[in-house]
Amino acid sequence: MLIVVAAFIVESSYVEHKELIEQEKEEYPAPGTLVDINDDGDKLHVYGKGEGDTTLVFMSGLGTSSPVYGFKVLYNKLSNDYRIAVVERAGYGWSDISSSPRDIDTVLEETRAALELSG
């Protein structure tokens, strides 16, 4: 009986979490561009700002929940002289969670595709 109750709590929490994520996506749209990066329809978020001949690409390490806001102080100072692009890897910020492998080759391929597709 205890296992059934625990399973019900976990299941209902999961369903509620998924619903809240969808609600938040509607209330707080991505400030940048969402681009398809694979055949599964996964999207990565790329935020661009500034003008300039040189583009600085910002990518975070693990654990930064929203790189767009994590780097904001830095890129605001640099965007007067440079074009900046912040790439949010799969599962971070507004980017979709991906079931594709998280090895360096896949992440690099996705990042390059996202930058190219976002302009």
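**Exposure, salt bridges and pockets**

Student: What makes arginine 102 count as partly exposed?

Tutor: Arginine 102 has a relative accessibility of 38%, and the label buried is kept for values under 20%, exposed for values over 50% and partly exposed for those in between, with a 1.4 Å probe and protein chains only. Arginine 102 therefore counts as partly exposed. This is a predicted model, in which local features need pLDDT of at least 70 and side-chain atom pairs count only at pLDDT 80 or more, while totals for chains, interfaces and linings use all residues. Residues are numbered from 1 along each chain as its sequence is written, and side-chain values use heavy atoms, with hydrogens and water left out.

Student: How many salt bridges does the structure hold, and what makes the contact of lysine 43 with aspartate 36 one of them?

Tutor: The structure holds 3 salt bridges. In the one between lysine 43 and aspartate 36, the closest N and O atoms are 2.6 Å apart, and the distance therefore meets the cut-off. Both partners are partly exposed, lysine 43 with a relative accessible area of 29% and aspartate 36 with 42%.

Student: Which residues are closest to the centre of the largest pocket, and what is its volume?

Tutor: The largest pocket has a volume of about 610 Å³, and of its 19 lining residues the closest to the centre are Ile21, Lys25, Gly93, Trp94 and Ser95. A pocket is an open set of points on a 1 Å grid over the protein atoms alone, where a 1.4 Å probe fits and protein lies on both sides within 12 Å along at least five of seven lines; lining residues have an atom within 4 Å of a point. The volume is the space filled by probe spheres set on those points, which are joined across faces, edges and corners. Helix H1 (residues 2-27) gives the most to this lining, with 6 residues.

Student: How does the lining of the largest pocket divide by residue type?

Tutor: It divides into 8 nonpolar, 6 polar and 5 charged residues, where Ala, Val, Leu, Ile, Met, Phe, Trp, Tyr, Cys and Pro count as nonpolar, Asp, Glu, Lys and Arg as charged, and the others, Gly among them, as polar. The second largest pocket, of about 150 Å³, has a lining of 5 nonpolar, 6 polar and 1 charged.

Student: What makes Met1, Val5, Phe8 and Ile9 a nonpolar patch?

Tutor: Such a patch joins nonpolar side chains (Val, Leu, Ile, Met, Phe, Trp, Tyr) within 5 Å, from residues with over 30% relative accessible area and no salt bridge, whereas like charges are joined within 9 Å. Valine 5, found in helix H1, has 37% relative accessibility and counts as partly exposed. The four residues together have about 480 Å² of accessible area, computed by the Shrake-Rupley method with only the protein chains shown as cover.

Student: Are aspartate 53 and aspartate 42 buried or exposed?

Tutor: Aspartate 53, in the loop between E2 and strand E3 (55-59), has a relative accessible area of 84% and is therefore exposed. Aspartate 42, in the loop between strand E1 (33-36) and E2, is called buried because its value is 11%.

Definitions and conventions
Helix = DSSP H or I, 4+ residues; strand = E, 2+ residues; numbered from the N terminus. Areas by Shrake-Rupley, 256 points an atom, 1.4 Å probe, with all protein chains shown as cover. Salt bridge = Lys/Arg side-chain N within 4 Å of Asp/Glu carboxyl O.
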